[in-house]
Amino acid sequence: MSSVRILVVDDSREVRDFLADTVLAAEGFVVETARDGKEGLHSTLGNAPDLIITDQAMPHMTGYNMAKAMLAIRPDTPIILCTGYTDAITEEAAAAAGIKAYMYKPFGKKEIANLIRKVLDQGDYRGAQGDLRPRGDARRSGAAGDPRSHAGRQGVPRSSQGDTRCSSRALRA
């Protein structure tokens with residue numbers, strides 16, 4: 001079983017489900033989810049994940065602000081910032097804040113999986129198998145009735161329907 005823990009922070013349940021179920025759990029990563037930046041930041045205070053994937057535009061706290069707050073506490077936490085809005089935050093500002101990678105939405109499974117591996121490889125975050133593509137049973141937080149639960153899908157995001165348009169970069173601070 002993988003020891004690599006990934007936190008997905010996005011206000012869209014469809015995107016959280018796509019990342020958690022279709023991409024991460026399918027690869028054997030331990031996945032936790034949060035609905036917004038405040039919830040994401042709170043969930044990392046006791047036990048920081050090995051990687052955070054966050055949306056930029058969310059209620060209560062943007063992904064950029066959550067990343068800055070998280071990096072002030074744990075500067076070695078790799079963060080991938082995803083955005084559908086090119087003018088919300090620049091790649092340069094993200095890199096200056098310590099964010100490791102930047103990805104434009106929509107993106108496909110292959111593109112985000114490759115970027116995740118690249119970011120984890122930069123920090124040499126390896127699972128229990130010593131492999132960036134962990135094997136074994138995947139675990140996720142959330143139980144039936146828990147807002148972080150991935151039971152009862154309510155649609156499939158465009159990106160999982162074959163739309164692979166994306167632009168991603170691993171950033172250097």
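## Starting at serine 12

Where does serine 12 lie? You'll find serine 12 in the loop between β1 (5-9) and α1 (13-24). Keep in mind that this is a predicted model. With a relative accessible area of 25%, serine 12 is partly exposed. Serine 12 and alanine 34 sit 22 residues apart in sequence, and their C-alpha atoms are 10.0 Å apart in space.

Which strands does β1 pair with? One is β2 (residues 30-34), joined to β1 in the parallel sense over five bridges. Another is β3, also parallel to β1, over four bridges. Leucine 7 is a handy residue to look at here. Its bridge partner in β2 is glutamate 32, and in β3 leucine 7 stands opposite isoleucine 52. Follow the chain from β1 through α1 to β2 and you've traced a right-handed β-α-β unit.

## The nonpolar cores

Now for the inside. The largest nonpolar core has 24 residues, and Leu19, Leu24, Ile53, Ile80 and Ile116 touch the most other members. At least two residues of this core come from each of β1, α1, β3 (51-55), β4 (79-83), β5 (101-104) and α5 (109-123).

Take isoleucine 116 as an example. Setting aside neighbours within four places in sequence, isoleucine 116 is in contact with Ile6, Val23, Leu24, Leu51, Ile53 and Ile80. There's another core too, lying apart from that one: it has 19 residues, including Tyr64, Ile79, Ala94 and Ile99.

The structure has two aromatic pairs. Phenylalanine 18 and phenylalanine 107 make a tilted one, 6.4 Å centre to centre with 40 degrees between the planes. This pair links distant parts of the chain: phenylalanine 18 belongs to helix α1, phenylalanine 107 to the loop between β5 and α5, and they are 89 residues apart.

Tyrosine 102 and tyrosine 104 form an edge-to-face pair, with centres 5.1 Å apart and planes at 80 degrees. Both of these tyrosines are buried.

## Salt bridges

How many salt bridges are there in the whole structure? The search finds six. One of them joins arginine 5 to glutamate 32, with the closest N and O atoms 2.9 Å apart. It ties strand β1 to strand β2, across 27 residues of sequence. Arginine 5 is charged up for this pairing from a covered spot: at 15% relative accessibility, arginine 5 counts as buried.

Lysine 105 takes part in two of these links. Aspartate 10 forms a salt bridge with lysine 105, the closest N and O atoms being 3.0 Å apart. Aspartate 10 sits in the loop between β1 and α1, and lysine 105 in the loop between β5 and α5, 95 residues away. Aspartate 55, in strand β3, also bridges to lysine 105, again with 3.0 Å between the closest N and O atoms. Through these shared partners, Asp10, Asp55 and Lys105 join into one network.

Lysine 105 is partly exposed, at 25% relative accessibility. Its two partners are buried: aspartate 10 at 3% and aspartate 55 at 7%.

Terms used
Residues are numbered from 1 along each chain as its sequence is written. This is a predicted model: local features need pLDDT of at least 70, side-chain atom pairs count only at pLDDT 80 or more; totals for chains, interfaces and linings use all residues. Side-chain values use heavy atoms; hydrogens and water are left out. Buried means under 20% relative accessible area, exposed over 50%, partly exposed in between (1.4 Å probe, protein chains only). A nonpolar core is a set of buried Ala, Val, Leu, Ile, Met, Phe, Trp, Tyr and Cys residues joined through side-chain atoms within 4.5 Å. Contact means heavy atoms within 4.5 Å. Rings of Phe, Tyr and Trp (its six-membered ring) pair if their centres lie within 6.5 Å; planes under 30 degrees apart count as stacked, over 60 as edge-to-face and the rest as tilted. Two strands pair if DSSP finds at least two bridges between them. A crossover is right-handed if, with the strands pointing away from the viewer, the path from the first strand over the helix to the second runs clockwise. A salt bridge is a side-chain nitrogen of Lys or Arg within 4 Å of a carboxyl oxygen of Asp or Glu.
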